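Work through the exercises below with the sequence and the 3D structure at hand. Each task is followed by a solution in steps.

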Amino acid sequence: MSVPQHRMDTFRAELGDIDWRDDAKLLAAKSRDYYWYSPILKAQLDGKEGQLIVVPKSEAEVITIAAAAARHRIPLTLRGGGTGNYGQCVPLEGGAILETTRLSRILEISEGRALCEAGTRLETLEKAAAETGQMLSMFPSTKRLATVGGFIAGGSGGIGSLRHGMLRDGANITYLRIVTVEQEPRIIELHGRETLKALHAYGTNGIITALDYALTPATDWLHTIALFPDYGAGLRFAENAQKSRLDAYLMTVVEGRFAPFYRRLTGYFPADRDAVFSMIAPDAMDDFRMQVAACGGEIALAKPLQEMEAANLPPAWECGWNHTTLQALKSEPEDWSYLQVAYPRPFDPALVMHQIERYGDEVLFHHEMARMDGEVQIFALPLVRWTSKERMYAIIGEMTELDGCTIFDPHAVTIEDGGMKEIDSTQIDFKKEADPFGLMNPGKTRGWTPEMARP
Ligand SMILES: Cc1cc2nc3c(=O)[nH]c(=O)nc-3n(C[C@H](O)[C@H](O)[C@H](O)COP(=O)(O)OP(=O)(O)OC[C@H]3O[C@@H](n4cnc5c(N)ncnc54)[C@H](O)[C@@H]3O)c2cc1C
């Protein structure tokens, strides 16, 4: 489905000197994200494209675009760095792609908080925070490309979530500035818990132009690898470390079967051992050593970031979360896909050992230590040998029904079928205010139906 060309032309004519592009190659590239991790999404989304890319440099230009889109009923898909995994910025009904990457001013950095425009790359913000002795409370391993706005509209948590919880927890995000998509766009400011109205909404309910982001005092983390004789021992170590609040920023337990994919770590991560990758505070190293030894492990590597880079070793954040999937897909792209699993609380390592036995060579596991709602929460992003959609959903069914796990389905395009599980009526009510014609990222929320649109 796409918009008739004459309507696109009228829309474009109203953009004045706002930067726009419509060459075919760029349109194809800017209509994609990392949905290709899923063969199911690939079949569904390949070939879906926007018809025009607009690249505003200021909030005033965003307002001009929003007004013209509303007047001419042009679908509007927001795009930051385009690193989402679920086709979140693939335009399902054509129309315009609004790329935010030139909305990139850092407005203020104070103790514990950064205020910036939504298209600021996370790594740029990280560098600015470092100049004040601070660092980001959390980030995805895609921080070089990913934008702050894209992370909070499309992501959920990541490196740092072990200490600071998920994006929606606590005071991680306390302010959003939003432009509505109406003939006369308004600015809505959300504060505190009100920000949940637009968090993880896949760009369906308002254009975020600026936001605040939590910072934390900088630490020169040691990037470590600890090796264990079996996976259960690695899991036990990681769970205990988290319960005892060992001062860490990242901890991921990875089966030895992943070792062939971690080519830069040959010599540090042998395939006959299971590994725990962590970022540990220098002051906590004695405690770390003791806890590793208590679970029968040994430390194979512990270096600060600068030394890791000098030795051409990957930082720990490239060894966990969805970067692990990327390592495998780079080596064997046709063979693998993945799942995102949240384990029931309290965590029972025996359940994991049972799953490893049940799936044998079909599923390779790695587990991520995090906090959610203030409690220890363990996730897995297992690599699943790709055979068919039916088999993938059979595994999802088993993990859900037999094991009591929650699956954040990375093979679905809607917010509800992916992470949220149910329609968030607060977000839909906010969409009625911020996107009353239902133009934003159409097809990405089941909570919106065409009759809800303002005539
Ligand atoms: C290797 C790899 C590792 C990853 N690790 C993690 C991880 O640890 N944690 C995690 O949560 N995610 C992770 N992701 C997913 C993704 O990288 C992050 O969610 C990322 O932060 C998205 O940022 P982006 O700028 O690329 O967003 P995009 O992909 O451009 O957009 C994401 C969504 O946000 C919407 N959006 C973008 N900008 C705005 C705006 N200004 N206003 C409103 N809506 C907007 C888009 O329409 C889209 O629906 C990973 C992905 C890969 C490929």
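Helices (H or I, at least four residues) and strands (E, at least two) are DSSP runs, numbered from the N terminus. The model is predicted, so local features need pLDDT of at least 70 and side-chain atom pairs count only at pLDDT 80 or more, while totals for chains, interfaces and linings use all residues. Residues are numbered from 1 along each chain as its sequence is written, and side-chain values use heavy atoms, with hydrogens and water left out.

**Exercise 1. A cis peptide and a loop contact**

Task: Find which residue is joined to P346 by a cis peptide bond, and how far Q183 lies from H72.

Solution. 
Step 1. The cis bond joins R345 and P346, with omega at about -5 degrees. P346 sits in the loop between β16 (341-342) and α12 (349-359).
Step 2. Q183 is in the loop between β8 (175-179) and β9 (187-191). Its relative accessible area of 35% makes Q183 partly exposed.
Step 3. From C-alpha to C-alpha, Q183 and H72 are 9.2 Å apart in space, and in sequence they are 111 residues apart.

**Exercise 2. Helix α8**

Task: Compare the span of α8 with the expected one, and list which of its residues are buried.

Solution. 
Step 1. The expected span of a helix is 1.5 Å times one less than its number of residues. Helix α8 (residues 231-243) has 13 residues and reaches 18 Å from its first C-alpha to its last, close to the expected 18 Å.
Step 2. Of the 13 residues in α8, 10 are buried, and the helix is mostly covered. The buried ones are Y231, G232, A233, G234, L235, F237, A238, E239, A241 and Q242.

**Exercise 3. Aromatic pairs**

Task: Count the aromatic pairs, then classify the pair of F228 and F237 and the pair of F379 and F408.

Solution. 
Step 1. Rings of Phe, Tyr and Trp (its six-membered ring) pair if their centres lie within 6.5 Å; planes under 30 degrees apart count as stacked, over 60 as edge-to-face and the rest as tilted. By this rule there are 17 aromatic pairs.
Step 2. F228 and F237 are 5.5 Å apart, centre to centre, with 25 degrees between the planes, and the pair is stacked. F228 is buried because its relative accessibility is 0%, and F237 is buried at 0% as well.
Step 3. The ring centres of F379 and F408 are 6.4 Å apart and the planes stand at 50 degrees, so this pair is tilted. F379 lies in strand β19 (residues 375-380) and F408 in the loop between β21 (406-407) and α14 (416-420), so the pair ties together parts 29 residues apart in sequence. F379 is buried, with a relative accessible area of 6%.
Step 4. One aromatic cluster is formed by Y34, W36, Y37 and Y338.

**Exercise 4. Charges over rings**

Task: State which rings have R73 and K431 over them.

Solution. 
Step 1. A charge sits over a ring if NZ of Lys or CZ of Arg is within 6 Å of the ring centre and within 35 degrees of the ring normal.
Step 2. R73 lies over the face of F437, 3.8 Å from the ring centre. The charged end of K431 is over the ring of W448, at 5.1 Å from its centre.

**Exercise 5. The largest cavity**

Task: Give the volume of the largest cavity and describe its lining.

Solution. 
Step 1. On a 1 Å grid over the protein atoms alone, a cavity is a set of points where a 1.4 Å probe fits but cannot get out; lining residues have an atom within 4 Å of a point. Grid points are joined across faces, edges and corners, and a volume is the space filled by probe spheres set on the points.
Step 2. There are 3 cavities of 30 Å³ or more, and the largest has a volume of about 70 Å³.
Step 3. The largest cavity is lined by 12 residues, with I415, E416, Q427, I428 and T445 nearest its centre. The elements giving two or more residues to this lining are α14 and α15 (425-434), and α15 gives the most, with 3 residues.

Conventions: Buried means under 20% relative accessible area, exposed over 50%, partly exposed in between (1.4 Å probe, protein chains only). On a 1 Å grid over the protein atoms alone, a cavity is a set of points where a 1.4 Å probe fits but cannot get out, and a pocket is an open set with protein on both sides within 12 Å along at least five of seven lines; lining residues have an atom within 4 Å of a point.
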